[in-house]
Amino acid sequence: MESWMPGILASVALLLSAWALGRRLLAPWRARLGDDLLFESCAAGAGLGIWGLGTFLLGTAGLLSPWIFRGLMLAGGLLALADLRTLATAASAFRTDALGLIQASLAGVSLLAMASGLPAAPTDYDSLEYHLGAPAAYLRQGRISFLTDNAYAAFPEQQEMLCLAGLAATGTHAGGATAAKTLNLACWALAALALLALGRRHATTRSGAWAALMLLASPWVRDSAAWLPYNEPGLALFALLAFATALEGEVTLAGLFAGLAFAVKYPAALFVVLPIGLALGIRKASDLP
């Protein structure tokens with residue numbers, strides 16, 4: 001098996017476990033969000049947040065053993081099996097027209113084309129020094145603590161915690177880098193699903209599909225999705241879920257995802273947390289007698 005293949009397996013296990021955990025965490029909101037793609041996207045996003053926080057807690061406790069992460073991923077993946085059967089049953093009833101099939105095919109082709117970058121080893125400064133470098137340093141020292149020789153590690157590290165989980169589970173640089181990039185690609189795919197869900201709710205399924213395709217076809221997404229283990233995919237996913245849940249009137253979930261966006265990157269405080277807070281405040285004020 002190629003050295004990068006364990007990274008794909010680890011990221012798939014992490015994603016399945018995150019989705020399964022998120023579905024259970026967001027169960028109280030299922031009826032209000034609706035049992036559709038928006039709920040599933042939110043569940044996966046919330047689960048990734050749990051994984052990020054859990055990895056941080058394990059790391060600060062000095063529990064960065066590969067077997068702990070492999071066991072958690074395996075247990076979460078098994079938990080997701082029942083959910084996958086339920087989802088498959090629901091998907092079997094889905095019907096679409098020729099244009100819908102074309103749109104789905106274009107999305108699949110876009111994702112497959114981006115996936116060609118998964119085996120490539122990152123060589124850029126940001127990846128080696130920060131996005132992968134900081135998690136590798138934590139793993140070498142056996143715990144998460146302040147890195148005096150890496151100023152970038154003082155930034156928010158939600159996405160880097162997911163990189164650390166993949167790196168810890170695989171135990172190799174190639175596997176960890178592939179796991180990080182696979183997770184990034186999944187974040188863009190989940191963001192596209194959320195756009196599709198919003199289109200179906202507030203306009204038409206077709207418009208939502210075009211929005212998803214425009215996201216996947218944009219140059220930055222196309223060029224970085226599976227080539228660079230940066231943190232923008234996580235920021236984009238959490239920001240989109242924050243605005244989507246705020247639009248649905250789910251203040252608690254909007255706050256959760258806005259917080260996760262901020263945990264990925266500082267600018268989210270200005271571009272996600274502040275506008276959502278102002279919008280919800282204005283809406284509440286307008287409801288007062």
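A residue is called buried when its relative accessible area is under 20%, exposed when that area is over 50%, and partly exposed in between (1.4 Å probe, protein chains only). The structure is a predicted model, in which local features need pLDDT of at least 70 and side-chain atom pairs count only at pLDDT 80 or more, while totals for chains, interfaces and linings use all residues. Residues are numbered from 1 along each chain as its sequence is written, and side-chain values use heavy atoms, with hydrogens and water left out.

The protein chain contains 14 helices and zero strands, where helices (H or I, at least four residues) and strands (E, at least two) are DSSP runs numbered from the N terminus. The radius of gyration, taken over C-alpha atoms, is 19 Å, close to the 19 Å given for 289 residues by the globule rule, so the chain is as compact as a globular protein of that length; the rule is 2.2 Å times the number of residues to the power 0.38. Along the principal axes, the C-alpha atoms fill a box of roughly 55 × 50 × 35 Å. Of the 289 residues, 47% are buried. With contact defined as heavy atoms within 4.5 Å, 76% of the contacts between residues at least 6 apart in sequence join residues at least 24 apart. The accessible surface comes to about 13,500 Å², with 71% belonging to carbon and sulfur atoms; the areas come from the Shrake-Rupley method with a 1.4 Å probe, and for residues only the protein chains shown count as cover.

The chain carries 17 positive and 17 negative side chains, and the centres of the two sets lie 8 Å apart.

Six salt bridges are present, a salt bridge being a side-chain nitrogen of Lys or Arg within 4 Å of a carboxyl oxygen of Asp or Glu. One of them pairs Arg23 with Glu40, with the closest N and O atoms 2.9 Å apart. This pair links distant parts of the chain, Arg23 being in helix H1 (residues 5-25) and Glu40 in helix H3 (residues 37-60), 17 residues apart. Both Arg23 and Glu40 are buried. A salt bridge between Glu250 and Arg32 has its closest N and O atoms 3.0 Å apart. Glu250 lies in the loop between helix H12 (232-247) and helix H13 (251-264) and Arg32 in helix H2 (residues 30-33), so this pair ties together parts 218 residues apart in sequence. Glu250 is buried, at a relative accessible area of 9%. Glu232 and Lys265 also meet in a salt bridge (2.5 Å, N to O). Since Glu232 lies in helix H12 and Lys265 in the loop between H13 and helix H14 (268-287), the pair ties together parts that are 33 residues apart in sequence. Lys265 is partly exposed, at 26% relative accessibility.

Val272, in helix H14, is buried with a relative accessible area of 4%. Leaving aside neighbours within four places in sequence, Val272 is in contact with Ala239, Ala242, Phe243, Ala258 and Ala261.

In helix H7 (residues 133-141), the buried residues are Gly133, Ala134, Pro135, Ala136, Ala137 and Tyr138. These buried residues pack against helix H6 (125-131) and helix H8 (158-170). Gly142, which follows H7, has a positive phi near 80°.

Key. Lys and Arg count as positive and Asp and Glu as negative; His and the chain ends are not counted. The place of a charge is taken as NZ of Lys, CZ of Arg, CG of Asp or CD of Glu.
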